[in-house]
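Hi there,

Here is the structure I promised to pass on. Have a look at it first, and then read on for what turned up.

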Amino acid sequence: TGYVMGYRSENLEFQYFVNEEYGYWGGFAIASLFDMANGNPENQYSVYNNRAVSGNNYLLYYYDSYNEPCDILCRYHGDYQFATVCLNLSTYTYHSITNEDANPYAREFADGDYLKVVFTALMENKVEGESVECYVVDYRDGKRYIATNWDAFDISALSGRMWGIRVRIETSDVGEWGANTPLYICMDNLVYTCDRR
């Protein structure tokens with residue numbers, strides 16, 4: 001299929017949920033799809049690139065703003081220090097913001113538009129700590145930046161005795177029923193240290 005829901009590494013767990021009654025999901029999946037041509041929703045698990053950074057797989061995150069966000073859990077009680085993460089648009093999201101497949105729900109981005117990923121440290125008892133905003137699409141102030149080359153983002157503000165990281169995605173294209181832009185992001189090469197205590 002090219003994807004598997006959820007992922008657990010030695011020190012981190014990436015959450016997800018599936019609503020079988022209504023046929024939708026949210027959170028993290030491990031994916032290995034590189035179809036850059038098909039911008040339709042059925043290609044929601046593909047990255048807009050022809051490779052991953054490390055190996056053949058990457059993490060896909062879908063933020064369902066109607067449900068509680070899925071978190072990256074720190075599996076051990078100790079000090080975590082995050083450094084960088086590589087981010088890339090999904091194919092579905094890329095085609096929606098560039099209007100290549102005329103997504104009827106999203107509009108083509110113009111001056112002032114943006115899509116950003118917000119990483120927030122969850123400290124003990126899930127209290128929110130520092131946040132880092134990573135603009136993966138930035139059309140503000142005359143810019144025309146789109147993250148399609150596995151660009152590295154600095155998330156070193158996330159550190160300490162952490163419970164986990166909350167991940168949200170925000171867009172400037174918002175309508176009556178919420179975000180119009182498909183809220184997907186692809187992640188790879190998350191660099192961090194864990195000092196278990």
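The protein chain has one helix and 16 strands. Please keep in mind that this is a predicted model. Its C-alpha trace spans about 50 × 40 × 35 Å along the principal axes. The radius of gyration is 16 Å, which agrees with the value near 16 Å that a compact globule of 197 residues would have. Of those 197 residues, 47% count as buried. If you take the contacts with a separation of 6 or more, 74% of them come from residues 24 or more positions apart.

**The helix**

H1 is mostly covered, with eight of its eight residues buried. They are Thr91, Tyr92, Thr93, Tyr94, His95, Ser96, Ile97 and Thr98. The cover over these residues includes strand S9 (114-123), strand S10 (128-138), strand S11 (145-146) and S16.

Thr98 is worth a click. This residue belongs to helix H1 (residues 91-98), and it counts as buried because its relative accessible area of 18% is under the 20% limit. Its side chain reaches back to the backbone oxygen of Tyr94, at 2.8 Å. Leaving out residues up to four places away in sequence, Thr98 touches Glu108 and Ile146. Just after H1 comes Asn99, which takes a positive phi of about 65°.

**The nonpolar cores**

The largest nonpolar core has 40 residues, and Leu87, Phe119 and Met187 touch the most other members. Neighbours within four places in sequence aside, the contacts of Phe119 include Val85, Leu87, Val132, Cys134, Ile155, Leu158, Ile165, Val167 and Met187. Also among its contacts are Glu130, Ser131 and Arg166. Another core, of 13 residues, lies apart from this one; among its members are Val47, Ala52, Cys86 and Tyr92.

**The aromatic rings**

How many aromatic pairs are there? The count comes to 17. One of them is formed by Tyr62 and Tyr184: the ring centres are 4.5 Å apart and the planes meet at 20°, under the 30 degrees cut-off, so the pair is stacked. This pair links distant parts of the chain, as Tyr62 is in strand S6 (residues 58-62) and Tyr184 is in strand S16 (residues 184-196), 122 residues apart.

Are these two residues buried or partly exposed? Tyr62 has 22% relative accessibility, so it counts as partly exposed. Tyr184, at 6%, counts as buried. Both belong to a cluster in which ring pairs link Tyr3, Trp25, Tyr45, Tyr62, Tyr92 and Tyr184.

The charged end of Arg140 sits over the ring of Tyr135, 3.8 Å from the ring centre. Arg144 lies over the face of Tyr139, with 4.3 Å to the ring centre.

**The start of the chain**

Finally, Gly2 is placed in the segment before strand S1 (3-5). Not counting residues up to four places away in sequence, Gly2 touches Ile30, Ala31, Ser32 and Leu33. From Gly2 to Val53 the distance is 17 Å, C-alpha to C-alpha, and the two are 51 residues apart in sequence.

Technical notes:
Residues are numbered from 1 along each chain as its sequence is written. This is a predicted model: local features need pLDDT of at least 70, side-chain atom pairs count only at pLDDT 80 or more; totals for chains, interfaces and linings use all residues. Side-chain values use heavy atoms; hydrogens and water are left out. Rings of Phe, Tyr and Trp (its six-membered ring) pair if their centres lie within 6.5 Å; planes under 30 degrees apart count as stacked, over 60 as edge-to-face and the rest as tilted. Helices (H or I, at least four residues) and strands (E, at least two) are DSSP runs, numbered from the N terminus. Buried means under 20% relative accessible area, exposed over 50%, partly exposed in between (1.4 Å probe, protein chains only). A charge sits over a ring if NZ of Lys or CZ of Arg is within 6 Å of the ring centre and within 35 degrees of the ring normal. Contact means heavy atoms within 4.5 Å. A polar contact is a pair of N or O atoms within 3.5 Å; within protein, one must be able to donate a hydrogen and the other to accept it, and residues adjacent in sequence count only if both atoms are side-chain atoms. A nonpolar core is a set of buried Ala, Val, Leu, Ile, Met, Phe, Trp, Tyr and Cys residues joined through side-chain atoms within 4.5 Å. The radius of gyration is taken over C-alpha atoms; the globule rule is 2.2 Å times the number of residues to the power 0.38.
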